[in-house]
Amino acid sequence: MRDFKMSVPDYMQCAEDHQTLLVVVQPVGIVSEENFFRIYKRICSVSQISVRDSQRVLYIRYRHHYPPENNEWGDFQTHRKVVGLITITDCFSAKDWPQTFEKFHVQKEIYGSTLYDSRLFVFGLQGEIVEQPRTDVAFYPNYEDCQTVEKRIEDFIESLFIVLESKRLDRATDKSGDKIPLLCVPFEKKDFVGLDTDSRHYKKRCQGRMRKHVGDLCLQAGMLQDSLVHYHMSVELLRSVNDFLWLGAALEGLCSASVIYHYPGGTGGKSGARRFQGSALPAEAANRHRPGALTTNGINPDTSTEIGRAKNCLSPEDIIDKYKEAISYYSKYKNAGVIELEACIKAVRVLAIQKRSMEASEFLQNAVYINLRQLSEEEKIQRYSVLSELYELIGFHRKSAFFKRVAAMQCVAPSIAEPGWRACYKLLLETLPGYSLSLDPKDFSRGTHRGWAAVQMRLLHELVYASRRMGNPALSVRHLSFLLQTMLDFLSDQEKKDVTQSLENYTSKCPGTMEPIALPGGLTLPPVPFTKLPIVRHVKLLNLPASLRPHKMKSLLGQNVSTKSPFIYSPIIAHNRGEERNKKIDFQWVQGDVCEVQLMVYNPMPFELRVENMGLLTSGVEFESLPAALSLPAESGLYPVTLVGVPQTTGTITVNGYHTTVFGVFSDCLLDNLPGIKTSGSTVEVIPALPRLQISTSLPRSAHSLQPSSGDEISTNVSVQLYNGESQQLIIKLENIGMEPLEKLEVTSKVLTTKEKLYGDFLSWKLEETLAQFPLQPGKVATFTINIKVKLDFSCQENLLQDLSDDGISVSGFPLSSPFRQVVRPRVEGKPVNPPESNKAGDYSHVKVSGLGRWHLPRAVRASAKPFLKHSFESFSERKGCVYLKAGFSVVFVLGQCFGKQSQ
Amino acid sequence: MAVCIAVIAKENYPLYIRSTPTENELKFHYMVHTSLDVVDEKISAMGKALVDQRELYLGLLYPTEDYKVYGYVTNSKVKFVMVVDSSNTALRDNEIRSMFRKLHNSYTDVMCNPFYNPGDRIQSRWALLPVSDPVQVGPAFCVLLPSFCRTCLAILVAKMQPFGKQGRKGLFKL
């Protein structure tokens with residue numbers, strides 16, 4: 001049964017193939033594939049020939065493989081018949097020649113019943129055999145030296161034409177007087193055994209089938225109009241005897257001929273251009289052979305012949321109707337499944353040209369349901385790919401993607417011994433546009449994702465799996481990162497866990513990079529930065545800590561020099577700078593100092609997220625980023641993260657983004673690409689390195705500070721308790737802990753007071769000794785000695801005690817270089833004079849001196865530091881019957897800075 | 001009864017898709033997705049017709065072995081796709097039409113919802129739910145949210161200001 005059934009459909013077939021002659025080109029013996037296809041290609045270039053002495057054109061279809069059982073359907077549709085055979089063989093010695101020739105004959109036997117002619121091309125043989133001229137054998141010394149191949153093929157085709165023409169004439173002139181043989185398809189043969197061959201019915205059947213056959217031959221011989229006439233007659237004959245299979249074939253022939261007439265460009269697509277050049281010929285040629293349509297000039301038919309021709313030729317709408325009819329007849333026969341399938345495909349191609357997608361999809365839908373025998377896996381793949389291509393052709397991209405994906409899955413079906421993961425992956429990639437999925441994460445960064453998430457996620461999973469099985473972990477990592485980055489909102493908690501789990505598995509072998517991956521197909525996979533793991537909401541560049549903040553030193557030349565304008569004030573300048581100010585931040589970073597950027601991040605994952613190697617991406621200045629590792633709790637809220645780094649050069653630094661390593665994938669996240677991020681500017685100026693000074697004293701630290709730190713002054717407090725009249729030395733150690741020499745030191749003192757009262761001069765020093773040690777080289781220590789002497793006069797003033805017992809008395813305003821005394825003025829305003837009894841004696845009172853402990857001095861350019869001593873007395877308080885005089889001083893270095901040459 | 005209902009935005013991405021046999025949801029996603037080809041084709045063919053004569057109901061998009069897929073397109077090019085079981089012969093064209101009309105009404109109600117941003121996925125658990133109780137005869141859609149919304153609109157609007165996003169969500173769960 002199987003023998004009678006044509007089993008291998010040609011999915012590439014199109015209507016105009018009906019006018020071609022089928023020639024099989026095959027190698028005999030051992031011929032390298034490369035050589036064979038080189039010759040095959042050259043042979044294929046001879047695909048159409050204008051026949052000598054006529055304007056007809058022959059079209060040739062070459063195949064290097066053709067199943068012989070399909071050949072048996074040659075009577076049904078002659079373009080399925082192998083009419084020519086070309087064999088190619090290697091033969092190097094005359095000894096092998098007889099054997100080679102024998103093989104050629106064996107090969108001929110396979111298609112023997114239908115062959116019109118055959119040729120053998122022998123390569124490599126030299127000697128006397130070559131000398132004998134033979135028509136069916138051509139000898140060539142090697143594969144390079146064979147210029148006459150094309151010529152040979154043309155001759156061969158002409159010989160085919162002669163046979164074809166004789167057959168056509170032979171059949172066409174058959175008159176009903178002779179007995180017409182009954183043509184039949186392989187599976188019909190047994191049905192006609194013992195049938196009455198003399199009945200009218202039988203004769204009509206024979207006639208109808210023969211007409212159809214002649215129509216086929218006419219079409220192949222380039223006589224389009226004749227073929228139309230024959231087909232029409234055949235349709236009438238066959239319809240009257242209900243010979244459905246052949247009626248279908250006749251109708252299809254009619255359609256093919258009409259399609260060839262209407263669409264000379266061809267419906268098959270790729271061969272269109274080639275066919276077009278000869279497009280005018282078939283119509284004219286047919287015209288010549290159709291007596292009714294003959295015109296006076298014969299070559300340029302006028303409109304009357306157009307009308308005459310149009311009578312036989314189907315209109316574009318009719319073509320589809322007739323195809324439908326033909327297919328419905330075919331579908332009555334189970335064994336004609338392949339014919340039906342191919343007819344559907346041909347009709348779809350025609351409809352695609354007519355741009356009637358809806359009807360085309362109906363034909364395709366029908367084709368999907370045509371059940372051939374059990375298909376092999378390879379044939380299934382082919383079938384699905386062709387369906388996909390056809391859907392693409394009619395503009396159904398989604399449907400096309402669907403079938404392509406099915407084909408891809410078929411490539412790796414479990415029943416296949418060697419799954420083709422590479423092919424599967426390639427096909428899957430081709431489905432991407434159909435599912436409107438781009439592999440560039442940038443396309444997803446704007447707003448929310450809008451697409452078929454469920455379907456796209458499935459596709460991405462399949463890509464990941466296919467690339468893994470292909471043995472390309474880098475691809476899997478890329479796809480998986482893409483999945484995680486773009487589909488995060490659609491993943492369930494469990495899926496998030498699974499995806500990250502497998503991503504970590506892959507990256508343990510092959511870490512994810514930021515390099516684009518180029519695929520063989522010309523596609524490039526752009527890198528996928530994890531901008532959502534963690535999500536960054538806010539980026540803020542931080543100022544240096546107050547102690548290290550640079551201060552601009554007032555230059556002698558004054559401020560005016562720095563502005564370029566000669567005017568003291570101009571609104572235009574301010575206006576111009578407005579835009580620049582938006583991005584630039586008004587503080588400075590210092591070269592060589594640790595600078596900080598604060599990010600507010602949160603973790604969208606339902607588990608703890610470990611972010612490693614998180615650092616800053618900057619431009620403009622050489623920047624040594626010090627990466628941090630952090631661990632964010634599950635679904636954390638906003639979480640501050642500080643990224644640090646050290647600028648190595650000066651200039652303007654721009655923070656472009658940050659880099660992370662999450663699940664083994666490196667990502668560079670640029671702030672520009674992050675949606676919904678808040679940033680307060682990302683550009684800051686880096687000024688040259690400044691020295692650093694550390695100050696320590698010999699006195700112990702005090703427990704509490706004397707004054708609230710106001711931000712721009714840094715102070716630590718030391719304290720000492722002294723009785724009246726006692727004196728002590730305070731040694732202040734100045735150490736340069738920076739890298740720059742410290743050049744200048746100025747000391748001023750300030751005795752803090754709230755009531756502007758002085759209680760005497762406690763402090764004295766000599767600055768010269770210290771200044772002698774300057775400039776202070778890095779790592780060197782200088783000392784500075786201060787003498788503290790408590791000298792309070794309790795003799796006459798009651799008010800003093802009163803004042804001492806009062807909180808909040810402090811004295812300020814000692815310029816150190818010019819110490820002065822001031823008479824203590826009595827308090828004017830009135831708290832009632834009511835001193836506690838125990839406060840009378842001066843010997844109870846101590847002086848508690850709080851000094852500044854450790855200074856971390858901001859560095860100044862060229863170290864023109866101008867410290868002055870701030871020196872404060874603060875308060876008295878009464879405790880357990882004794883009066884403590886707490887006098888504190890803090891030495892505050894207020895540093896002026898010259899910013900290099902800028903202000904000079 | 002419909003086994004799957006989908007609302008597709010003008011730009012052909014799903015706003016709402018729900019199927020009743022939840023175990024093989026992806027199959028319906030594929031089915032609806034591929035049906036869009038046919039919808040697009042029908043719409044482009046329809047484009048030539050006059051606007052007021054336009055039929056919103058697109059009819060059968062394509063039959064598969066087990067299901068039939070029907071389509072409907074609103075004037076703003078929002079598409080409704082409904083998948084019904086082929087074995088259910090009780091559903092004739094008229095029933096399908098009326099199901100689509102109800103769906104359209106529900107969709108309009110969702111659009112009236114002051115908290116809904118056009119173009120977002122329709123998140124509500126209640127909106128547009130296809131009821132597929134086999135006992136129940138005839139199509140029925142449970143559309144609770146919009147009516148709820150209308151009656152409480154005044155209250156909602158009054159309360160809108162103090163609520164953040166969280167508040168809104170909570171409100172819907174009332």
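Which side chain does a polar contact of 3.0 Å join to that of Arg61(A)? It is the side chain of Thr20(A), a polar contact being a pair of N or O atoms within 3.5 Å, where within protein one must be able to donate a hydrogen and the other to accept it, and residues adjacent in sequence count only if both atoms are side-chain atoms.

This is a predicted model, in which local features need pLDDT of at least 70 and side-chain atom pairs count only at pLDDT 80 or more, while totals for chains, interfaces and linings use all residues. Residues are numbered from 1 along each chain as its sequence is written, chains are lettered from A in the order in which they are written, and side-chain values use heavy atoms, with hydrogens and water left out.

Stay with Arg61(A), which lies in strand β3 (residues 57-63) of chain A and is buried, with a relative accessible area of 6% (buried means under 20%, with a 1.4 Å probe and protein chains only). Its contacts (heavy atoms within 4.5 Å), not counting residues up to four places away in sequence, include Asp10(A), Asp17(A) and His79(A).

Next, select both chains: 20 residues of chain A are in contact with 24 residues of chain B. Then pick Asp40(B) and Arg398(A), whose side chains meet in a salt bridge (3.3 Å, N to O), that is, a side-chain nitrogen of Lys or Arg within 4 Å of a carboxyl oxygen of Asp or Glu. Finally, colour α16(A), which gives five residues, the largest share of the side of chain A that touches chain B; helices here are DSSP runs (H or I) of at least four residues, and strands are runs (E) of at least two, numbered from the N terminus.

Notes:
Buried < 20%, exposed > 50% of the residue type's maximum accessible area, 1.4 Å probe, protein only.
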